Amino acid sequence: MIQVRCVRKSYADLRRGNFVALDGVSFDAGPGEIYGLLGPNGAGKTTMLRILSTVLRPTSGQASVSGFDVVTQPTQVRRHIGFVSANTAVYDRMTAWEMVEYFGRLHGLCGDPLRERMEDLFTRLQMNEIRDLVGAKMSTGMKQKVSIARALVHDPPVLIFDEATAGLDVLVARALLKIVSELRDHGKCIIFSTHIMREAERLCNRIAVIHRGHLLAEGTLGQLTERFGDSDLEEIFFQLISEYDSNPPVSCEVSR
Amino acid sequence: MIWNNVRLVFLREVRDQLRDRRTMFTIVVLPLLLYPLLGMLFVQISQFMREHPSAILVIGSDALPDKPALTSGSAFADEFIAHRDAGRVHAELRTLSAWGSSDLEIRTRAEQAVQSGEFDAVVLFPADFARRFKEFRGHLPASSADQRQEAASKDLPQPEIFVNTASDKSRIAAERIERILGLWRDAIVSDNLRQRDVPLAATQPFKLVNTDVAKERTRRAAAWSKILPFVVLIWALTGAFYPAIDLCAGEKERGTLETLLCSPAHRSEIVWGKLSTVMVFSMATSLFNLICMALTSMFILERIVHAGPSSAPVAIGSPPLAAMGWLVLALVPIAALFSALALSIAAFARSSKEGQYYLMPLLLVTLPLMLLPLLPSADLNLGMSLIPVTGVMLLLRALIEEQFSEALRYAIPVIGVTAGCCLLAIRWAIDQFSDESVLFRENERWGVGLWMRQIVRDRRDTPTIAEALLCGMLILLIRFFASFTMSVPDGWPGFFRSTAVGLIVFVAAPALLMAVILTRRPAKTLLLQRPRWGSVVAAISLAVALHPAGVALAEAIRWLYPIGPDMERQLHAVEVLMGQAPNVWILLAVLAFTPAVCEELAFRGFILSGLRHSGHRWGAIVASSVFFGATHGILQQSLSAFALGLLLGYLAVQTGSLFPGIAFHAVYNSLALALAWNSDPSRQGSGFSWLFSGSSAGAGYRWPVVIAGLAASAALLLWFRGQPFESTEEESLLQAVERGERLADAHEL
């Protein structure tokens with residue numbers, strides 16, 4: 001479903017020269033799986049997910065979604081993903097229904113299939129009450145629901161959630177996590193980036209710890225516990241980060 | 001491109017804008033209120049200015065002659081007050097002794113009276129006015145003609161008007177008193193003539209009668225042709241700018257742009273959708289303003305003309321319908337151009353606030369282009385028609401004034417330039433939307449030192465687009481300013497210096513210096529690679545084959561847009577200087593070889609190499625040709641040079657080397673010199689005259705030669721097309737994306 005091979009992304013920076021945001025990141029994620037990207041702020045999670053959503057181009061390396069290359073076949077990649085991020089907002093002057101319908105049409109849906117799909121989504125996500133509410137009047141939770149409906153309207157095989165619970169209260173966050181795990185159960189391939197350990201522990205089948213553009217470790221919670229001799233993900237996380245910071249690698253090789 | 005996506009984006013954006021109260025206010029409410037209010041205000045102010053009675057002080061009422069009497073009672077005599085000033089002159093009469101004791105005091109107090117605003121104007125009759133007036137009249141019957149002339153010139157009694165020209169009220173009062181005194185003077189003249197039994201016609205042997213050949217409609221058209229385009233263009237720009245800011249920078253700020261970028265809609269589809277929206281609002285704003293202005297002029301101003309005084313400000317009536325039609329037609333390309341420009345600028349801005357900052361520079365650039373056609377001497381000619389916006393406005397004016405043949409002649413350059421600018425601006429907007437450094441630009445602390453260090457530290461193998469554009473503009477500017485400082489050569493040595501040195505210092509040197517300083521691989525930048533010999537031979541053959549067609553094109557351009565007499569003189573002077581060359585080889589070295597090397601280094605070397613980073617091969621070739629054309633001082637030559645630039649750019653891209661281009665350029669220029677040489681009657685009979693038509697100066701090739709040459713050129717260009725060439729990284733990426741998307745679509749089907 002998702003294949004990332006040695007992806008590197010660097011920016012020209014006035015002060016630092018060439019700033020490397022991602023340095024040789026590789027991973028795979030398959031259907032029916034939630035792949036967690038766990039990392040502190042500025043680790044490169046958003047850059048990685050923006051590359052997968054084709055909004056950014058990798059400086060080198062390859063990434064593909066459903067067999068389509070993110071650089072040379074971006075339109076097809078975007079057809080096969082649903083992207084929810086703190087940076088993908090909803091339109092202020094559009095109602096929930098209009099917004100989801102608009103993106104459904106951009107994905108080539110129309111007529112009855114689109115309406116049925118939307119009815120289903122609005123019911124499943126309990127959004128019928130906000131159907132005619134414009135974005136400007138919505139609460140953060142409502143907006144996030146609309147974003148999810150917008151990402152799901154074309155029933156994509158791959159879903160990308162970038163810090164999707166940021167700014168949500170406990171109740172809404174919990175409901176969102178439930179929706180994500182249901183989507184996994186429906187066979188979707190999900191990439192879920194977060195910096196909250198609890199979410200990663202509860203939700204993800206496999207977790208990758210990312211820091212300063214490097215993928216430091218990857219595996220199921222069990223594998224990580226076994227490898228680092230600690231059952232607490234937070235402890236493992238700190239151990240990895242402090243090890244990296246005290247002894248940064250010379251090469252851009254990924255430790256597995 | 002999927003047009004359904006463009007339509008979807010367009011419909012959404014239009015709906016979004018219609019739901020925005022600010023947009024609706026600017027487009028609908030503002031013009032509805034603005035023009036009637038402005039009209040009212042304008043008329044009120046001018047009525048106030050005109051109808052406000054002027055307080056005029058007459059000092060020296062006792063010094064006035066009795067006959068004809070200027071005053072009657074305490075006011076001016078009614079017979080000297082013009083119809084339009086009736087009831088608008090309040091006079092106060094003072095004797096000189098009542099006003100002051102000395103001449104100095106009288107004058108000082110008069111000045112103060114006007115300065116303080118106590119009176120709008122003061123007219124002062126000197127103490128001896130009546131006496132001198134009487135003496136002057138007494139001379140008239142007795143003296144000889146010479147004596148009378150002498151008396152008239154040195155001793156005329158002179159009243160003096162005190163006016164404050166900084167005050168409108170005072171100026172109007174002075175005008176009124178001048179009219180009154182004028183009528184009084186006329187009465188004196190006719191009195192004098194009557195005394196000597198001279199008929200009144202002696203002072204006015206004939207009367208001037210103006211016959212206006214312009215029809216009422218044309219007169220109105222001429223007046224409106226100056227106002228309407230300006231109003232339409234200003235509103236087209238304003239109407240484009242604010243929606244563009246909201247649709248790009250606003251969406252970036254609100255975070256909805258990334259949502260849209262993650263949808264399957266292609267960048268170009270998003271841009272076209274947004275562009276259509278901006279264009280619709282630009283046109284709507286402009287049209288609505290136009291309609292409101294027309295309605296105001298029809299219903300309000302015309303009534304005021306009838307009801308108001310004869311000097312009412314607007315006597316041009318409502319704009320003619322045909323003018324409105326032409327305006328609407330011209331609005332389409334102008335709105336497209338402004339919309340694309342506004343969209344690109346808005347895409348560049350991080351936030352709405354930053355976007356607003358860019359309105360002023362955009363206005364500063366376009367405003368002079370809009371004001372230029374309002375100058376009285378601005379006429380539609382080739383130079384003007386090549387200036388974006390100005391050309392459209394002048395063409396529009398010609399159409400409104402019904403000068404259709406003139407308009408038709410310059411329609412091609414105007415439409416060409418406007419369409420070119422539109423496409424360029426749209427391309428720029430699409431590129432901005434595809435450029436992640438623009439989409440995700442973040443605030444950075446900027447410093448000159450840091451920036452300079454970055455330029456050197458992050459040098460690339462070949463120049464960036466910005467560096468290439470800078471080089472092009474630098475060459476144009478240097479040449480422009482150098483033309484002021486360099487004197488006109490008066491002999492061959494001076495001509496040699498100005499031409500050869502000018503090319504080396506002002507064209508080649510900037511490109512070479514920039515290549516060395518700003519790039520890692522100057523040789524690659526300047527395409528100094530060894531060419532395949534075949535391509536050099538082919539380029540030389542192409543120059544020979546294409547020259548007849550090039551001459552025909554240049555002639556066609558000169559026939560369509562004749563060179564002015566001044567320019568003809570200059571060209572002739574150059575020909576004379578060329579004739580002074582010691583020998584033909586030096587002439588070829590200066591006028592064929594030096595330009596070939598210098599211009600190729602700059603335009604196909606540095607500039608084209610940089611512009612190719614845009615990823616659009618032909619776009620880069622066209623842009624480099626625009627610079628190449630612009631460096632040729634005479635417009636008619638610039639057009640031919642632009643066409644030649646396209647070909648030279650193509651050769652540079654296809655061969656990857658500068659040398660075939662240099663060979664082509666040198667041979668092409670040499671042939672031009674040979675043709676000029678052959679057209680000189682003293683040198684005919686060289687054995688090549690069978691190639692040329694006619695024997696007069698400036699002769700071209702015979703038509704069969706032109707056609708055969710074109711056929712050969714086509715074959716040679718096909719050969720160049722078949723040559724393998726090196727693409728830039730950006731070009732390869734765009735090709736890979738195109739290929740990949742095609743494959744993916746096929747796979748999907």
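How many residue pairs are in polar contact between chain A and chain B (both at pLDDT 80 or more)? Some notes on that and on the rest of the model follow.

1. Ground rules. This is a predicted model, in which local features need pLDDT of at least 70 and side-chain atom pairs count only at pLDDT 80 or more, while totals for chains, interfaces and linings use all residues. Residues are numbered from 1 along each chain as its sequence is written, chains are lettered from A and ligands numbered from 1 in the order in which they are written, and side-chain values use heavy atoms, with hydrogens and water left out.

2. Polar pairs across the interface. To take the opening question: the count between chain A and chain B is 15 residue pairs in polar contact, both residues at pLDDT 80 or more. A polar contact here is a pair of N or O atoms within 3.5 Å; within protein, one must be able to donate a hydrogen and the other to accept it, and residues adjacent in sequence count only if both atoms are side-chain atoms.

3. Where chain A does the touching. On the side of chain A that touches chain B, the elements giving two or more residues are β1 (2-13), α2 (74-79) and α3 (96-106) of chain A. Helices (H or I, at least four residues) and strands (E, at least two) are DSSP runs, numbered from the N terminus. Of that side, α3(A) supplies the largest share, six residues. Sorted by class, the side of chain A that touches chain B comes out at 16 nonpolar, twelve polar and twelve charged residues. For that sorting, Ala, Val, Leu, Ile, Met, Phe, Trp, Tyr, Cys and Pro count as nonpolar, Asp, Glu, Lys and Arg as charged, and the others, Gly among them, as polar.

4. Extent of the interface. Chain A puts 40 residues into the contact and chain B puts in 46 residues, contact meaning heavy atoms within 4.5 Å. The two chains bury about 4000 Å² between them, with 53% of it on carbon and sulfur atoms. Buried area is the accessible area (1.4 Å probe) that two parts lose on being put together, summed over both.

5. Salt bridges. Seven salt bridges are counted between chain A and chain B; the cut-off is a side-chain nitrogen of Lys or Arg within 4 Å of a carboxyl oxygen of Asp or Glu.

6. His107(A). You'll find His107(A) in the loop between α3 and α4 (111-124) of chain A. His107(A) counts as buried because its relative accessibility is 14% (buried means under 20% relative accessible area, exposed over 50%, partly exposed in between; 1.4 Å probe, protein chains only). Not counting residues up to four places away in sequence, His107(A) touches Arg78(A), Arg79(A), His154(A) and Pro264(B). The side chains of His107(A) and His154(A) are joined by a polar contact of 3.4 Å.

7. Two phi values to check. Most residues other than glycine have a negative phi. Asp155(A), in the loop between α5 (140-152) and β7 (158-162) of chain A, has a positive phi, near 50°. At 41% relative accessibility, Asp155(A) is partly exposed. Leu527(B) also has a positive phi, near 55°, and sits in the loop between α21 (522-525) and α22 (533-560) of chain B. Leu527(B) is buried, at a relative accessible area of 11%.

8. Inside chain A. Ile148(A) is part of helix α5 of chain A and is buried, at 2% relative accessibility. Apart from neighbours within four places in sequence, Ile148(A) contacts Val84(A), Leu125(A), Phe161(A), Leu176(A) and Ile179(A).

9. Chain B. Chain B has 29 helices and six strands, and 46% of its 749 residues are buried. Of the contacts in chain B between residues at least 6 apart in sequence, 80% join residues at least 24 apart. One residue to look at is Asn669(B) in helix α27 of chain B, buried at 17% relative accessible area. Leaving out neighbours within four places in sequence, Asn669(B) contacts Leu591(B), Ala592(B) and Pro595(B).

10. Confidence. Chain A averages a pLDDT of 89, and 97% of the residues score at least 70; pLDDT is the predictor's confidence in each residue, from 0 to 100. Residues 251-256 of chain A stay under 50, and the model has 13 contacts for them beyond four places in sequence. Where pLDDT is low, the predicted coordinates should not be read in detail.
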